[in-house]
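This briefing covers selected local features of one protein chain. Please keep the sequence and the 3D view open while reading.

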Amino acid sequence: MQTKEQKQLWKSTHLLINNESKTYLLITYNYLHVKNIVSSFFHSGRIPDDQHFFHTLEFFRDIRDLGYQMLPSDNLNIMQNIKNIDLSIFFDYTLSTSYQVNYLRERNAKVKIILSLAENPYYLNKLPESFYSNFDNIYSAHSIDCKFSKTDTAFIYKHIPFLSSKSTENYLKLNSTNFDSSIINSNLHSFSSDCNYNIRKNLIEISSNVNSFDFRWYGRGWFLNNVEKLKRKNWRYLKSDLCSSTRLSNDAKSKYYGTVRNKSILANCKSTFAIENISTPENYYTEKLFEPLEYGCLPIFLKTKNINNNIFDAIQGSDYSNLIKDSPFKLLVTALEVSRMDLNQTQNIAYGMRKLINNYLQINDFNTNLYNCYKEILSVS
């Protein structure tokens, strides 16, 4: 009889087997919805190329091509097979991760355990430094307080694609008007000096009041109706409304275009402001630099002093260095300069920047979290 805790222990985990090599993989995600997306892919075999998790699914496509099949991944089946597992990969961690790792170690002396870090520590549960010693290898692009294998990014697998998906094509048919610039920014707030929510909000306000500059912004949690305000999941947005010192003008409110299901809106946009939620730790940055390029849109990126990364060095030593700035004012100046180009010009620049990054990744043996995890799988298969 399983306890309630045991039934929940592996709820965000997949168990896979390679029947030819008899190799077992255990892959655990930080969020249950990621498990559901990967499950759908294994059943359909199709990667929707407008999917935010495109790189994750491309990683799993290669795993499937190695001959791995998904086994029933309920808690009972995983626990019954725990002694067979050859490799366990954790994508980020939760409060349960330490217990999961100990559970594996106590029952399986041969298992190799890997941690791939992508989330900012600000959003993860605070665990003691000794926690990291439980892993055989840790892959991270940003700095952590222990020995780890430094990668170039956690948000690309092997390359940045160009997404000419059906949903993008349909979007373009419905929205044929091109516009100058954008930002996607949820209504969040923090009193931490490392957080950039207010920077984004101020940039929205200023950009909305520039004449002859077609600026649009998107995001969750803005201008909720009374019914939406009663939902618990929206209370953080109400807190932001109460705590934020920046109040948006009517001009700024008029430039709000709602929430987005995916980033297809960028296919009509010349540039977008790419500002991380948080400026720490050292070398922390996300998909905000890469995703716009997938749609042919130019990311104008706010680079903090904490970022000292090879991909940024490659960009700053190229013709695209003007897209990396160290202040919000310079972001806006660059966006205004880009707005004078036509969309074909900006898409060509995005193509060049995408090619530069892809070439860099290929020359450096795809030093990404996902590809290193793939090589770990190859080593046991």
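**Aromatic contacts and strand pairing**

Tyr93 and Tyr132 are both buried. The model is a predicted one, and it holds 29 aromatic pairs.

**Aromatic pairs**

- Phe59 and Phe91 make an edge-to-face aromatic pair, with 6.0 Å centre to centre and 85 degrees between the planes.
- This pair links distant parts of the chain, 32 residues apart: Phe59 belongs to helix H3 (residues 54–65) and Phe91 to strand E4 (residues 85–91).
- Phe59 and Phe91 are each buried.
- Tyr93 and Tyr132 also form an aromatic pair that is edge-to-face, at 6.4 Å centre to centre and with 80 degrees between the planes.
- Tyr93 is in the loop between E4 and helix H5 (97–107), while Tyr132 is in the loop between strand E5 (112–117) and strand E6 (137–140), so their pair ties together parts that are 39 residues apart in sequence.

**Aromatic cluster and charges over rings**

- One aromatic cluster is formed by Tyr29, Phe41, Phe42, Phe59, Phe60, Phe91, Tyr157, Phe366, Tyr371 and Tyr374.
- Phe59 and Phe91, the edge-to-face pair described above, are among the members of this cluster.
- Phe41 is another member of the cluster, and the charged end of Arg64 sits over the ring of Phe41, 5.3 Å from its centre.
- Tyr103 has the charged end of Arg107 over its ring, at 3.6 Å from the ring centre.

**Strand E8 and its partners**

- Strand E8 spans residues 179–184 and is mostly covered, with five of its six residues buried.
- E8 pairs with strand E10 (residues 269–274) in the parallel sense, over three bridges.
- In this pairing, Ser181 stands opposite Ser271 of E10.
- E8 also runs parallel to strand E9 (residues 215–218), and four bridges join these two strands.
- Ile184 has Tyr218 in E9 as its bridge partner.
- A right-handed β-α-β unit is made by E8, helix H7 (residues 197–208) and E9.

**Backbone exceptions**

- Most residues other than glycine have a negative phi, and most peptide bonds are trans.
- Thr280 and Pro281 are joined by a cis peptide bond, with omega at about 0 degrees.
- Pro281 is placed in the loop between E10 and helix H11 (291–294).
- Asn283 is also placed in the loop between E10 and H11, and has a positive phi of about 70 degrees although it is not a glycine.
- Asn283 counts as buried because its relative accessibility is 3%, where the cut-off for buried is under 20%.
- Ser212 is a residue other than glycine with a positive phi, near 55 degrees.
- Ser212 is placed in the loop between H7 and E9, two elements of the β-α-β unit.
- Ser212 counts as exposed because its relative accessibility is 79%, where the cut-off for exposed is over 50%.

Methods:
Residues numbered from 1 in each chain as written. Predicted model: local features only at pLDDT ≥ 70, side-chain atom pairs only at ≥ 80, totals over all residues. Heavy atoms only, no water. Buried < 20%, exposed > 50% of the residue type's maximum accessible area, 1.4 Å probe, protein only. Pairing = 2+ DSSP bridges. Right-handed = clockwise from strand over helix to strand, strands pointing away. Phe/Tyr/Trp six-rings, centres within 6.5 Å; stacked < 30°, edge-to-face > 60°. Lys NZ or Arg CZ within 6 Å of the ring centre and 35° of its normal.
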